[in-house]
Amino acid sequence: MPDAATKALDTADMRRLRAQARKRYLHDSYVLWKRNPITVTGTLIIVFLVLVALFAPWLATHDPYDQILAQRLMPPSWDNLFGTDNLGRDIYSRVVHGARLTLMIAVLVAAISAPIGLLVGVLSGYLGGIVDEVLMRLSDIFLAFPKLILAIAFAAALGTGLENAIIAISIANWPGYARLVRAETLAIRNSDYIQAIQVLGASRTRIMLQHITPMCLSTLIVRVSLDMGAIILIAAGLGFLGLGAQPPSPEWGLMVSDGRNYLVDQWWVSTLPGFAILIVVLGFNLVGDGLRDILDPHQRQS
Amino acid sequence: MAHYIMKRLFTLMITVAGIAVVTFFLSLVVPLDPLAAIAGPQSPPETVERLRKLYGFDQPTYVQFGRYVERLAEGDLGMSFQTNRPVLDDILNFFPATLELATIALIFSVVFGMILGILSAVYKDSLLDHFSRIISLIGVSMPVFWLGLLLLLVFYFQLGWLPEPGRLDIMLIEPPRITGVLLIDSVIAGDWEVFWDALWHAFLPAVVLGLFGLAGIARIARSSMLDVLSQEYIKTARIKGLSEYLVITRHALRNALVPTVTMIGLTYGSLLEGAVLTETIFSWPGLGRYLTTAFLTLDLNAIVGGTMLVAILYSVVNLLVDLLYAYLNPKITLAQHDA
Amino acid sequence: MAAGTPNTTPLLSVRDLIVRFYTLRGVVHALEGVSFDVGREQSIGLVGETGCGKSITARSVLRLIDPPGRIDGGSIAFQGRDLIQLPETEMRAIRGADISMIMQEPKMSLNPVMRIGDQVAETLLIHDKSLNRRTARAQALDMLASVSIPDPKRLARRYPHELSGGMAQRIMIAMMLVTRPKLLIADEPTSALDVTIQAQIIELMNALIDDIQSSVLMISHDLGVVAETCDRVIVMYAGQVAEAGDVETVMSDPQHPYTAALLKTLPDQVDADEPLYSIKGNVPSLLTPPTGCRFAPRCEHAMARCHNERPRAIPLTADHQVACFLHDAAPEPAAEPAAVPA
C-alpha cells in the first residue's frame, strides 16, 4: 500500500537521503572551491595571516618596541628585512606582530557585532509589531551614517585606543546584521514548519532560540566573513587618523601614518605596512568573492 | 508619487531626529573635558567653571538635550572650539570642496565601474573578466590612505607629472566665491586657467577616492548583468533573432541598470567616508579634513554638526536613489514600494 | 530511421542529434541520437516526462542551448540547409523569421522594462529592413488585434507586469508569429496558465497557425492537448525517441511499452475507482545512462538483449516507427553497429 511505502521512506531512508544530499553539496562546494584559483589564493593568504599571528614572537627578528635611535630610518637589508622606522624599530618585526592586532580586531568586532545583530534581528522579525518598529527605526538611524564616519565619531567620543576602536566599529557594524537576520527570520517565521510548531504549543522563546536562531546562523556567518576585509580597512583607517590604536602599538594603519613624514626619502616606512593591509584585506575579499560563487545556486549547474 | 515622497520625507525626519539623539549621546560620553582644553591646562578651576556655565554644561542632561534640540531647530550648531566660528559657517565653507571632489569621484567610479562590470559579465570567464574582477577586488581591498600616499610619492614626488596636494596652484588667485565649487566659480568668472588647474589638482584625489566606489559598482554591475542574462526574456530576445550586441544593449542593459542604481547611493556614502581619509592626505580643504581635525581635537560642536550633516546628506541621497530606482523600474509603482 | 514520405523533403529533418551538458558532476547525455521530421503545415507533438529532453530538442533546433550544453553531433536540416553548420549571422536571420518559439512562462519571457508594442514591433524591425519604426508599430498593432486583445493601442503602451498570464501568452504568440514563420516551436505553451484559459490559447494559436500556414512542434507532457491539436506525435524517453507516428494510431494502439505505460497514467483512461497507474522505478540519471534501451530498467517486457543493445527505430508502417526489440522480427546481425556512435 502507498501508505506503508511513504512511512518507510519517512524514517531511515529520509535520513540517509538527506545525509547523501549534504555530502553531495559539500563535495560540489569543494570542487567549486578548488576550481577557482582566486578562492584558493585567498584561503592561503588567510591561513598565512593566522600562522604569522600565531608564531609572531618566533618569526620576528627584533623586539617590535625596541628603539635603537642610532639605526633610525635604515633601508631594508638582511639585518632589517623591511628597514627601520623613525625611532629605529625593525619594521618587519612590527608588521609580523601587527598581524596579531589585525586578526584580533577582525575577530572581536565580529564577535561583538554579530550576536547583537542576531538578537535584534530575531526579536524584531519574530515578535513584529512595536518591537520591530522600534528596533528597525533604531537600526535605520545607525545605517544613516556612513560606517567609517560613525566609527570615527564613536572612537573619538569614547576616547582613542584599540579597545574603543573595536567597540566603535562594532557599533557601526551591527545594524546591517540586524537587517539581514530580520529578513531571514521573517521568511522562516512564515514557513509551515514554524507554524506547525506554534500550533503544537511551543513557547516563543523556545521557537526563537531553538528553531529560528540556528537557521539564521549560516546566512549571518557568511555575511560576517564577507565583511572581514571591510572591518580591517576601517580599523586601519582609524589607526591612520590617530583614532584607533595608539603609539607605540605596531598597528598597520598607525605605522603607515607614522611614515608619512618620511615618504619621499624613506618610502619603506609607510609602504610596507600598507602593503600588508592590502594583502590581508585582499585575502579576505578573495575568499568572500569565492564564497559568493560557491553559494550561488546558478554556479552549481555548470 | 507625491504620497510616497511625503511618507519617505516623514521617515527621513524621524531618522534626522534619531541622528540628533545619537550625536547628542556622542557629546555626553566624551570622557575628556573639552573645556579644560579650551581654557588651557594652566587655567584656574574657576575659569573652567565659568566656561562650563557659559556653555550650559552645568545643567542636568535633559535640560542640555532640550537646549540642544532648541538650538538645532534654529539651525544653530554652536561654535567650533577650534576655529572660533559658528559650526554652520565652517561647514558651509568647507563643504563645497568636498562636494566637488566627491562628484568628480562619483562620475569616475560610475562610468568606469559600469563599463568594467558589464563587459566583465558579457565576456564572462574571459581574460577581460578575470582582469576586471581582480581590479575590483584590489579596489575594495585597498586602504585609501595608503594608495593616496603611494600615488603622491610616484606621480608628484618622483615623476612630477601631477600637481602638489591642494586645490589650486598657490600662484593662482581663487575666483570670487559664489558656489564655493571652484570648477563652477571659475567658469562663472570666465577664468579658464583656474578651471583647468583646479581640475588637474582634483584628478589624483578623485581617482583615489573613486577607486573604492568603482570596484563596488563594477561588482554589482557584473552580478546583476549576469543575473539578467540568465532570464527568460533574454532567451526570447535571442529567439527573435537579435544579435548578441542588441540583446545586451536593448534588453539586458536597462534591466541590469536597475539594481546598479542602488549601488550608487551606497557609493556616495563610501565617498563621504573616503573623503575623510583622502582629504587628509591631499590637503584638500573640505569637510572631511575639517571633521578629522574636529575629532582629533575633540571639537564637540564641530563633531556633532559635521557628523549630523553627513548623515542627513547620506539619507537624502539614498532617498533620491530610491526615487530614481522606482523611475527606472516600471514594476514598482511607488505606492506599494514600501510594502 | 524516422519517417518522411520519399518524394517531398520535410520542412525540418533532425537526424541523430546528440546534445551533452558538461557539468560539475560529469557529462550529462541529454540527447542521444534523436531523429524526427516535421512536414510542411504539419503539427507535431513532442511528449514525455519532465527531463526527457523535449525542451532541449526544441532549443537545439534554434541552436540556443545554454552552456554548459553543446550539440555534439547529428544534423538539423531546415528547408534543406543544415542549421548546425550555418554561420551565426545566417542562423540569426532564421531565428524569429523562419523559426520562432513560444515558451512556458509568458510573464518571465517578456522584457519587464520595455513596452509591449515595442517588443512585438522589434521582431519585425530585426528581420524586415524595409520597415521603419512607424510602419512596424502599425503592423504590430494589427497583430495584437488578431490575437484578440481588446484595445490593442492602449495595451501596446503597457509593461508586461500589468498583464495576466493568459494575456502575456497572447502577446508572446503575437510577437513570435508576426513575421509569419514557417515553423513555430511551442514549449508547453499553456502549462503555466490557468486551466480555464488553456483551451482558448491553444485554439487561438492553432487558428493563427492555419492562417499563416506554418508547422508546429508542440512540446507537452499533456497527451490530451497533443491528441487534440497534433497530427503526429513523438514520444521521447530519457533523451531518445521511443515511438513516433500518427496521433490516433499511437494513442489507440501504442507499440512501445513506455508509450503504453504513459497512456495508462492518463486519469481519463481508468475507472474512477481504480488507483492511478504509475510507472514503477525512476527516470535514469543521464550522467550514467543505461547501456541498452534506456527504458529497459523500468520495462515490464525487458529481455536480456534490451539491457545490452540500443534498439533502432523500426518502421511498422510508413508512418509509425518504434524503437523496441519487441518489434524486431529477425535478430540483429552481430556486426551491426549501434544506432549512433557515441
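How many residues does the contact take from chain B and how many from chain C? In this predicted model, the contact takes 17 residues from chain B, together with 23 residues from chain C. On the side of chain B that touches chain C, the elements that give two or more residues are helix H10 (232-239) and helix H11 (244-281) of chain B, and of the elements on that side H10(B) gives the most, with 6 residues.

Within chain C, strand E1 (residues 12-23) pairs with two other strands. Strand E1 of chain C is joined to strand E2 (residues 26-38) of chain C by 10 bridges, the two running antiparallel, and a hairpin of 2 residues leads from E1(C) to E2(C). In this pairing, Val19(C) stands opposite Leu31(C) of E2(C). E1(C) also pairs with strand E4 (residues 69-78) of chain C, again in the antiparallel sense, over 8 bridges, and here Phe21(C) stands opposite Gly69(C) of E4(C). In a regular strand, side chains alternate between the two faces of the sheet.

A further element of chain C is helix H10 (residues 257-264), whose buried residues are Pro257(C), Tyr258(C), Thr259(C) and Leu262(C).

Conventions
Residues numbered from 1 in each chain as written. Chains lettered and ligands numbered in written order. Predicted model: local features only at pLDDT ≥ 70, side-chain atom pairs only at ≥ 80, totals over all residues. Buried ≥ 20, exposed ≤ 12 C-beta atoms within 10 Å, placed from the backbone. Helix = DSSP H or I, 4+ residues; strand = E, 2+ residues; numbered from the N terminus. Contact = placed C-beta atoms within 7 Å. Pairing = 2+ DSSP bridges.
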